[in-house]
Amino acid sequence: MSFEWPWQYNFPPFFTLQPNVDTRQKQLAAWCSLVLSFCRHRKLYTLDVLEAQESPVFNNKKIERKLSVEAIQVVFEELRKKGNLEWLDKNKSRCLIMWRRPEEWGKLIYQWVSKNGMVNSVFTLYELSNGDDTEKEEFHGLEDWMLLRSLQALQAEGKAEMITMDDGKGVKFF
Amino acid sequence: QTALQSQLLKAKLDVGVVLLSTHRLLWRDQKNHECCICIHLSQIIFFEEQAAGIGKSAKIVIHLHPAPENKEPGPYQHSKYSFIKLSFKEHGQIEFYRRLTEEMTQKHWENTPVSQPIPTGIGPKAGRTRAVGIVGIERKLEKKRKETDKNISEAFEDLSKLMEKAKEMVEVSKSIANKIKDKQGDITEDETIRFKSYLLSMGIANPVTRETHGSGTKYHIQLAKQLGDMLQAPLEERGGMMTLTEVYCLVNRARGMELLSPEDLVNACKLFESLKLPLRLRVFDSGVMVVQLQSHSEEEMIASALDNVSDKGSLTAEEFAKLLGLSVLLAKERLLLAEKMGHLCRDDSVEGLRFYPNLF
């Protein structure tokens, strides 16, 4: 399925950071959702800032507009504040994109677990992310770090518990 | 070489040299150079030549005034003859005669020590020096130049005196103003107010606050009223708004003489509101100052700006200016204002700055 660009994507002012505060807020909100939906579509979990500049998200060749590096940083900062982004290094060159927050993932996983009546069972992480049973699920193919965080979130909610097993980590759902 | 002969006594003044200056006739002994006698030329009444003859050398006879009382000691205290004869034994008589004639004509000893007085400009005939040729023309020009110089200095003498007086007056008024400020001296409230109003009418701004636009000097008030009349028509032509620089150029071009200084213009414009004139001075965020008609409504302007931009999809400041017949500066200000209000948004790229309707 091809990605559906939002109307702002073809609106040239979208690529200029607006000085008017109200306008800017709306603009940034639109950017955040664009970045997230794009990453979700492509199942991207990490982004490199320099590469991002050339990525179609920030660079619309059709209208010959692209977001400046400063503006990209502003967008990323906005995402970070919302909890959707985490910097991997101090230099802010690479980041984790969480187009779904760990809590949200946890919820999905738990829903699947309970829907299939598998509460009180133990799963390995691999089973969850790459098992045949979860193929149709959104969290299939979830990267380990994200899976871990999601399960940790569930653990914090008291809905799961992480267990260490001989050949890796596992989780038990309550 | 001559011999100075005296009919009475053959003195030892025999062979020497006669010397002629502009003032004196001198004779110096050839052998004894320290022996030197002279006669002032003013003593000479008359002189004549005596041609040479056989056995006689050419002579010049010089008839003299009687010796004055305070005559310098000479070879003879007195003599019964009133003339001397110069005997030119060798030659030089003709030349000498000629020169003596010249000197006697010119009578240099009669000139006063100071040079001719410079003629003043009083009367057309005063001090006319005889002048011939280029030298004469030059002299005339020089004379004229000096006259002009003098006239100018005289004229400015009054002005500099006036300036000095004015300075004194300003000092006085300043000191009084300070006294008012410090409430030193016995000045009542009434008097203070009266004095202030005097100062105001003289054109000195309120001495206490130092802010001229607050108090408004009489000049600025008058000027503001004049501007109010003058600018109505041009403002309406230009859509109700003009930058202050445009106003400055317009006003000064119209005045021709007695041009306004930028400061005066600004101060006058600041008085528009307090004088209830239908104009306003307005300062944009960027610092641009404009004069606009009071009737000018900003909302209308912005609404129409939005319409224009929506119409054309997007506009740059230049395009907008062209569309409305405004200056680019004003057009940009209007677009920026619309952006500030949230009606427009901007697209800043290598192509330039463009404004779009705010669809966000």
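Trainee: In which sense do strand β7 and β8(A) pair, and over how many bridges?

Mentor: In this predicted model, strand β7 covers residues 160-165 of chain A. A:A160 has A:F173 as its bridge partner in β8(A), and the two strands form a hairpin with 2 residues between them. The pairing of β7 with β8(A) is antiparallel, over 6 bridges.

Trainee: Which residue of β8(A) is the bridge partner of A:V122?

Mentor: Strand β6 (residues 122-124) and strand β8 (residues 168-173) of chain A run antiparallel and are joined by 3 bridges. A:T124 is bridged to A:G170 in β8(A). For A:V122, the partner in β8(A) is A:K172.

Trainee: In what order do the 3 strands of the open sheet lie, and which of them stand at the edges?

Mentor: The 3 strands of chain A form an open sheet with antiparallel pairing, in the order β6-β8-β7. Two of these strands have a single partner strand each, so one side of each is left without a neighbour in the sheet. From one strand to the next, the twist averages 30 degrees. The strands at the edges are β6 and β7 of chain A.

Trainee: Which helix packs on the sheet, and what angle does its direction make with that of β7(A)?

Mentor: The helix in question touches β7 and β8 of chain A. It is α6, residues 144-157 of chain A, and its direction makes with that of β7(A) an angle of about 125 degrees.

Trainee: Is A:S150 buried or exposed, and what is its relative accessible area?

Mentor: A:S150 is found in helix α6 of chain A. Leaving aside residues up to four places away in sequence, A:S150 touches A:P102, A:W105, A:G106, A:I109 and A:L142. A:S150 counts as buried, because its relative accessible area is 0%.

Trainee: What distance separates the end C-alpha atoms of helix α3 of chain A?

Mentor: Helix α3 of chain A has 14 residues, 69-82. At 1.5 Å a residue, these should span 20 Å. The computed separation of the end C-alpha atoms agrees with this, at 20 Å.

Trainee: Within what arc do the buried residues of α3(A) fall?

Mentor: The buried residues of α3(A) are A:A71, A:I72, A:V75, A:F76 and A:L79. They line one face of the helix, because, seen down its axis, they fall within an arc of 140 degrees.

Trainee: Why do residues three or four places apart in an α-helix point the same way?

Mentor: The reason lies in the helical repeat. Residues three or four places apart point the same way because an α-helix has, per turn, 3.6 residues.

Trainee: Which residues are exposed on the other side of α3(A)?

Mentor: The buried residues of α3(A) are covered by elements of chain A that include α1 (21-42), β1 (46-48), α2 (49-54), β4 (85-87) and β5 (94-97). Just after the helix, A:G83 takes a positive phi of about 95 degrees. On the other side of α3(A), the exposed residues are A:E70 and A:K81.

Trainee: What percentage of the residues in chain A is buried?

Mentor: Chain A contains 6 helices and 8 strands. Among its contacts between residues at least 6 apart in sequence, 53% join residues at least 24 apart. The chain exposes about 9500 Å², of which carbon and sulfur atoms supply 48%. Of the 174 residues in chain A, the buried share is 44%.

Definitions and conventions:
Residues numbered from 1 in each chain as written. Chains lettered and ligands numbered in written order. Predicted model: local features only at pLDDT ≥ 70, side-chain atom pairs only at ≥ 80, totals over all residues. Heavy atoms only, no water. Helix = DSSP H or I, 4+ residues; strand = E, 2+ residues; numbered from the N terminus. Expected span 1.5 Å × (residues − 1). Buried < 20%, exposed > 50% of the residue type's maximum accessible area, 1.4 Å probe, protein only. Arc of directions from axis to C-beta. Contact = heavy atoms within 4.5 Å. Pairing = 2+ DSSP bridges. Axes fitted to C-alpha atoms, helices over the stretch in contact; angles between N-to-C directions. Areas by Shrake-Rupley, 256 points an atom, 1.4 Å probe, with all protein chains shown as cover.
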